[in-house]
Amino acid sequence: MDTALAPLAAPATAPTHADMANAIRFLAVDAIETAKSGHPGMPMGMADVATVLFTRFLKFDATAPHWADRDRFVLSAGHGSMLLYALTYLTGYPDMDVEQLKRFRQLGSKTAGHPEYGHTLGVETTTGPLGQGLANAVGMALAERMMAARYGAEIVDHHTYVIAGDGCLMEGLSQEAISLAGHLKLSKLIVLWDDNAITIDGATSVSTSEDQLKRFEAAGWAACRVDGHDPDAVAKAIAVARASDRPSLIACRTVIGYGAPTKAGSEKVHGAPLGAEETAGARAKLGWTAGPFEVPDPVLNAWRAAGRRGTAERALWLDRMSRLDRGRRAEFERVLSGALPEGWADAVTAFKRKVSAAAPKVATRKASQDVLEDLTVAIPELIGGSADLTHSNLTHTKVTKPVTPDDASGRYIHYGVREFGMAAAMNGLALHGGFVPYGGTFLVFCDYMRNAIRMSALMGLRVVYVLTHDSIGLGEDGPTHQPIEHVAMLRATPNVLVFRPADVVETAECWQLALENETGPSVLALSRQNLPTLRTIHTDENRCARGAYVLAEADGDRKATLLATGSEVEIAMAARAALQADGIPTAVVSMPSWELFARQDADYRRSVLRPGTVRVAVEALGTFGWERWVGEDGAIVGMTGFGASAPADQLYRTFDITPEAVAAAVRERL
């Protein structure tokens, strides 16, 4: 159970709070000074708050960094990374020694310029893009609530703490995040705001005059302000927040660069080393006599004891786990490991067999919903949602009842019109563990959540983005809603698998591949308009797994190769029929995933693309990037500008994305 852990024992020679906080300050100062790069102001200013949190409240065991019921600590103000690295060293995380601190911001070190998930123990999420850590924490707190509803408070009962800066709260994402958290009453989420009134440009008053406490209160949070350099006041505020029935903001009024004799309280200490003279002055002012990277033994021992404070609580938790029903314990361990249920893929195979025979003509967004009906039964940790487009994205299924402020046992999250917040919260759900999140919006609105998708990729998180209305084929909503450059942008992002399936069978296969992709996010770009089933002969093989394959081989010695994705595969098939009728043997290649195709060996790629044939690509999106596949002598039929408002069939004719245009491009090159 999550209770405030006992404070450290206090022998007669115990270090003072100031000693403990100064250890953080000067490890940060020394590392930044050595690197000649970094941000000393925040670690110096928030050292008091962090000391209170880590020595009096945070439930963790530095010897077991992955303990499932640990409190989560998110440094949303990621530029202050040396605060976190100092803490992980001081508390005894096994991968952090003083040599790593000395190599701050150096190639290959554990101490990257901004905290990186998976790179350093104790880093719960990659931060740096301001506001995203806060939004990730919302997802983590939501995951804790949902896991507790499934497995009980005796197994899941922990808090999520965030240190956020002024920049985090200025970012628009923060409003989406705090609004969602307030609505869902995520009472175990506590944000410690470094309220120092300074940003890079100077005083915050040059750019904002908001009352942040009132803002948070309006979003359903509890909020208070304390002196961030008064440890007892900070401790009292955290204790009150832990007892609240709402998420809590604690505005910690601090001095940026606390202790620096001439730079404290100014932007000059934000993002540059103090310099030798200022560093010496800070040591003298704060009475820190230890040399660079030195921590007196009594202080280090007290910090190491803080790192072991959770050991007894973890032992009790392990005992409770051992007494769980064996099946329940196995399921808990399975979902946290990320392993999907045994036999889940059989649901995909059965679905493919059924739809290949029935050959429905449906939009791939509807095909997605149909396969999700089976997948959400087979995979109970699959958690859906949408940014207020549920009935357009078709992301809801019969078994995914909503998560509400009063009932977290559901499996569907109504994110509201908060695309960026949705994506960042899904990252938090994935980071926490126990769930595989997917969420929907229109493809064109991936612009809103672009940086969160990038962070999914950077952290290697299994998050599925269901992006519907994927081309000019959405029709009358017009160019504001018709994506052009978006798929190219997603394809250009490292470690993102982009899928654009051509029919109901490919949609099922792409869903399988997305769920099997444990090391990065996947995007499903899905049509609004109905598409015919092109794969009417069932095969257990997942043909999309190779990224591209010959859907229809040429009748005769192949002269032309048509490449297409999604809704335009149908167009390519019609063009092939016309070319074959003219005696031009033509193959159609369906190419649902460029990324997976690029991973195939050269022989396979050549067998599909067939160098020496005329290659023409067709996709009702921007043409950027297709040159890689059609070659210098090939052609691309696609969009070269924005769309228009009209029925879809008229738009395809207007922009000359037709079988006739594809066939003509082939003939011109023969």
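Angles from 65 to 115 degrees between two axes count as roughly perpendicular. Please note that the structure under discussion is a predicted model.

The pair consists of helix H3, residues 81-91, and helix H11, residues 297-307. Their axes make an angle of about 90° and lie 7 Å apart. H3 and H11 are therefore roughly perpendicular to each other. From H3, the residues at the contact are Leu87, Tyr89, Leu90 and Thr91. They meet Leu300, Trp303, Arg304 and Gly307 of H11.

I turn now to the sheets, beginning with the parallel one. Five strands make up an open sheet, in the order E1-E2-E3-E7-E6, with parallel pairing. At its edges are strand E1 (72-75) and strand E6 (222-227), each of which pairs on one side only. From one strand to the next, the twist averages 20°. Within this sheet, strand E3, residues 189-195, is joined to strand E7, residues 248-253, by six bridges, and the two run parallel. Across that pairing, Asp194 stands opposite Cys252 in E7. Helix H9, residues 231-242, packs on the sheet and touches E2, E3, E6 and E7. The direction of H9 makes about 170° with that of E6.

Thr160 belongs to strand E2, which spans residues 160-164. Is Thr160 buried or exposed? Its relative accessible area is 1%, so Thr160 is buried. Leaving aside residues up to four places away in sequence, Thr160 touches Arg72, Ala137, Met140, Ala141, Lys188, Leu189 and Ile190.

Thr199 is found in strand E4, residues 198-199. Thr199 counts as buried because its relative accessibility is 17%, and buried means under 20%. With residues up to four places away in sequence again excluded, Thr199 touches Asp166, Met170, Thr204 and Glu267. The C-alpha atom of Thr199 is also 9.8 Å from that of Gly271, a residue 72 places away along the chain.

The next topic is the mixed sheet. This open sheet has five strands in the order E14-E16-E15-E17-E18, and its pairing is mixed. Strand E14 (549-552) and strand E18 (635-639) form the edges, each pairing on one side only. The twist here averages 25° from one strand to the next. Strand E17, residues 614-622, runs parallel to E18 and is joined to it by four bridges. In that pairing, Val616 has Ala635 of E18 as its bridge partner. Helix H23, residues 602-609, lies across E14, strand E15 (560-564), strand E16 (586-590) and E17. Relative to E14, H23 runs at about 25°.

Finally, I come to the salt bridges. How many salt bridges does the count come to? The count comes to 35 salt bridges, and I shall present three of them.

In one, the side chains of Asp407 and Lys401 meet at 3.5 Å, N to O. Asp407 is partly exposed, its relative accessible area being 31%. Lys401 is likewise partly exposed, with a relative accessible area of 40%.

Another salt bridge joins Asp470 to Arg500, whose closest N and O atoms are 2.8 Å apart. Asp470 lies in the loop between strand E11 (464-468) and helix H19 (486-492), and Arg500 in the loop between strand E12 (497-499) and helix H20 (504-516), so this pair ties together parts that are 30 residues apart in sequence. Both Asp470 and Arg500 are buried.

The remaining example is formed by Glu668 and Arg669, with 3.4 Å between the closest N and O atoms. Glu668 is exposed, since its relative accessible area is 61%. Arg669, at 34% relative accessibility, counts as partly exposed. Beyond such individual pairs, salt bridges that share partners join Asp470, Arg491, Arg500, Glu568 and Glu619 into one network.

That concludes the presentation. Thank you for your attention.

Terms used
Residues are numbered from 1 along each chain as its sequence is written. This is a predicted model: local features need pLDDT of at least 70, side-chain atom pairs count only at pLDDT 80 or more; totals for chains, interfaces and linings use all residues. Side-chain values use heavy atoms; hydrogens and water are left out. Two strands pair if DSSP finds at least two bridges between them. Axes are lines fitted to C-alpha atoms, for helices over the stretch in contact, and angles run from 0 to 180 degrees between N-to-C directions. Contact means heavy atoms within 4.5 Å. Buried means under 20% relative accessible area, exposed over 50%, partly exposed in between (1.4 Å probe, protein chains only). Angles under 35 degrees count as roughly parallel, over 145 as roughly antiparallel, 65 to 115 as roughly perpendicular and the rest as oblique. A salt bridge is a side-chain nitrogen of Lys or Arg within 4 Å of a carboxyl oxygen of Asp or Glu.
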